[in-house]
Amino acid sequence: MPKDSIDRMVDEWAASDGALDVSALQVVGRLFRSAGHGQAAVVEALRPFGLSYGDFDVLNTLRRRDDPGGTHPRDLAETALITSGAMTARLDRLERSGLVKRRPDPEDRRAVRIRLTKAGADLAAKALDAVLVADEDLLSPLSPAQRRTLASLLKKLLLHAEG
């Protein structure tokens, strides 16, 4: 297998300070670089739809949950790991674009529920298809077995980190 930039960096460290163990860089460096390439590919896939990743996430969370009465904005904010104020701004933008609708919560007059409009559902589906194509392109060098192994190893890292 040809050398990549991480191999060259590790080789340079070995030549500079052979006692320094930089083996973790072979994993973490590649993890960060791969994540950067994946993020860039997703951003590019969403560009034709005029969606940020955050907007895409909200639309497809609503689509995936398909709550008949709508989803509470607080639940969306928790899923997206953002503040309720940031979610309100995001929902304002999506509502102005005709992609979501706010409806009064029948159980709490002070609250609202969020639902996708038909246009929002259609756009969410098209955007997801484009993102999945970008994901497949990134993962194309890996066999199905390698993908399963990588997914399992990454899950183990995340469970440890998110403890």
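Analyst: Let us begin with angles: axes are lines fitted to C-alpha atoms, for helices over the stretch in contact, and angles run from 0 to 180 degrees between N-to-C directions. Helices (H or I, at least four residues) and strands (E, at least two) are DSSP runs, numbered from the N terminus. This is a predicted model, in which local features need pLDDT of at least 70 and side-chain atom pairs count only at pLDDT 80 or more, while totals for chains, interfaces and linings use all residues. Residues are numbered from 1 along each chain as its sequence is written, and side-chain values use heavy atoms, with hydrogens and water left out.

User: What makes H3 roughly perpendicular to H6?

Analyst: Helix H3 (residues 53–65) packs against helix H6 (residues 118–139) at an angle of about 110 degrees, their axes being 9 Å apart. Angles under 35 degrees count as roughly parallel, over 145 as roughly antiparallel, 65 to 115 as roughly perpendicular and the rest as oblique, and therefore H3 is roughly perpendicular to H6.

User: Which residues make that contact, and how do they divide by class?

Analyst: With contact meaning heavy atoms within 4.5 Å, H3 contributes Phe56, Leu59, Asn60 and Arg63, while the residues from H6 include Ala121, Leu123 and Val131. The residues of this contact of H3 with H6 divide into nine nonpolar, one polar and one charged, where Ala, Val, Leu, Ile, Met, Phe, Trp, Tyr, Cys and Pro count as nonpolar, Asp, Glu, Lys and Arg as charged, and the others, Gly among them, as polar.

User: Why is H4 called roughly perpendicular to H5?

Analyst: Helix H4 (residues 73–80) and helix H5 (residues 84–96) also have an angle of about 110 degrees, with axes 9 Å apart, so H4 is roughly perpendicular to H5. Pro73, Leu76, Ala77 and Ala80 of H4 meet Ser84, Met87, Arg90 and Leu91 of H5, a contact with six nonpolar, one polar and one charged residues.

User: At what angle do H2 and H6 pack?

Analyst: Helix H2 (residues 23–46) packs with H6 at about 150 degrees, with 9 Å between the axes. By class, the contact of H2 with H6 has nine nonpolar, three polar and one charged residues.

User: How do you know that Arg113 and Asp105 form a polar contact?

Analyst: A polar contact is a pair of N or O atoms within 3.5 Å; within protein, one must be able to donate a hydrogen and the other to accept it, and residues adjacent in sequence count only if both atoms are side-chain atoms. The side chains of Arg113 and Asp105 are joined at 2.9 Å. Arg113 is found in strand S2 (residues 108–116).
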